[in-house]
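User: Could you take a close look at the surroundings of the ligand for me? I'd like one connected walk through that part.

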Amino acid sequence: RLSVRNIRKSFGTHEVLRGISLEARDGDVISLLGASGSGKSTFLRCINLLEIADHGEISVDGELIQMVERGGRNVPANRRQVDRIRSELGMVFQSFNLWSHMTILENIIEGPVHVLKRPRAECIAEAEALLEKVGIAEKRHAYPAHLSGGQQQRAAIARSLAMKPKVMLFDEPTSALDPELVGEVLRVMRALAEEGMTMLVVTHEMSFARNVSNRVIFMKSGEIDSDGSPEELFGQGGSPSFRQFIGNFG
Ligand code: ATP
Ligand code: MG
């Protein structure tokens, strides 16, 4: 479903990703852990082409993203392909990134109506079902500023899902939330995982990593340090660096 081979990315002389490879199969829920600065966000941003890796290959659903070298740098060869691949990858950020001048419903139908050019009435019906699913149906006509952080993040998840992505990428989706609001977002993510969505989740929520994901990847200084099932890594299989890392979470 998602295949990444030997991705490298530098900012200036700082090599942030030093050869990362990952194969995610359908329905995999992968927690990506690592210290601040280890390259987790950059990795996700390279996958959905917000950053262009200097080296390496990415394919989504068997389709290789075409790159060409121009002026000594890697650039996507085909703008249309980039747009299509991006619409196949849902991304949810730490900051909820809803459009503040649109109601929640308008936020959700924006992509399906204007990017996918689907009929408005159909998109509204689907959006209402998604709002139901994330538990904020009653907020459909509210503006983002009138929602709690947890509700905004659930709306952001619904907005991503409205594009019917093949893979969902989450970058610390609960890190900006007050502790009492974290659970409601994690519940939505767990439900999504149980439905079989393929997910790559950067998180510091060890309970999610242990109990929801089927695979845990620990990044260290731009490389994959440990990769395995939660049972393996949280059992005896994690490296000393991984043990030290999780030790910091008590
Ligand atoms: P955190 O847990 O703090 O979110 P992270 O693992 O997501 O950390 P990244 O955001 O991927 O880490 O950053 C990895 C390194 O790359 C950091 O040293 C960061 O300063 C650097 N970096 C990231 N984006 C850029 C950029 N656009 N320009 C220059 N340096 C960058
Ligand atoms: Mg980050």
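Analyst: Let's start with Ser38: one of its polar backbone atoms sits 3.3 Å from an oxygen atom of ligand 1, a polar contact in the sense of a pair of N or O atoms within 3.5 Å. On its own, ligand 1 has 630 Å² of accessible area, and the protein covers 59% of that (Shrake-Rupley method, 1.4 Å probe).

A quick word on the ground rules. This is a predicted model, where local features need pLDDT of at least 70 and side-chain atom pairs pLDDT 80 or more, while totals for chains, interfaces and linings use all residues. Residues count from 1 along each chain as written, chains are lettered from A and ligands numbered from 1 in written order, and side-chain values use heavy atoms, without hydrogens or water.

Now the shell, meaning residues with a heavy atom within 4 Å. Its members include Phe11, His14, Gly37, Lys40, Thr42 and Glu172. By type, the shell splits into three nonpolar, seven polar (Gly is put here) and two charged.

Helix α1 spans residues 40-47, and six of its eight residues are buried (under 20% relative accessible area, 1.4 Å probe, protein chains only). Among them are Lys40 and Thr42, plus Phe43 and Leu44. Just past the helix, Leu49 takes a positive phi of about 70°.

Conventions
Buried < 20%, exposed > 50% of the residue type's maximum accessible area, 1.4 Å probe, protein only. Helix = DSSP H or I, 4+ residues; strand = E, 2+ residues; numbered from the N terminus. Polar contact = N/O pair within 3.5 Å; in protein donor to acceptor, adjacent residues only side chain to side chain.
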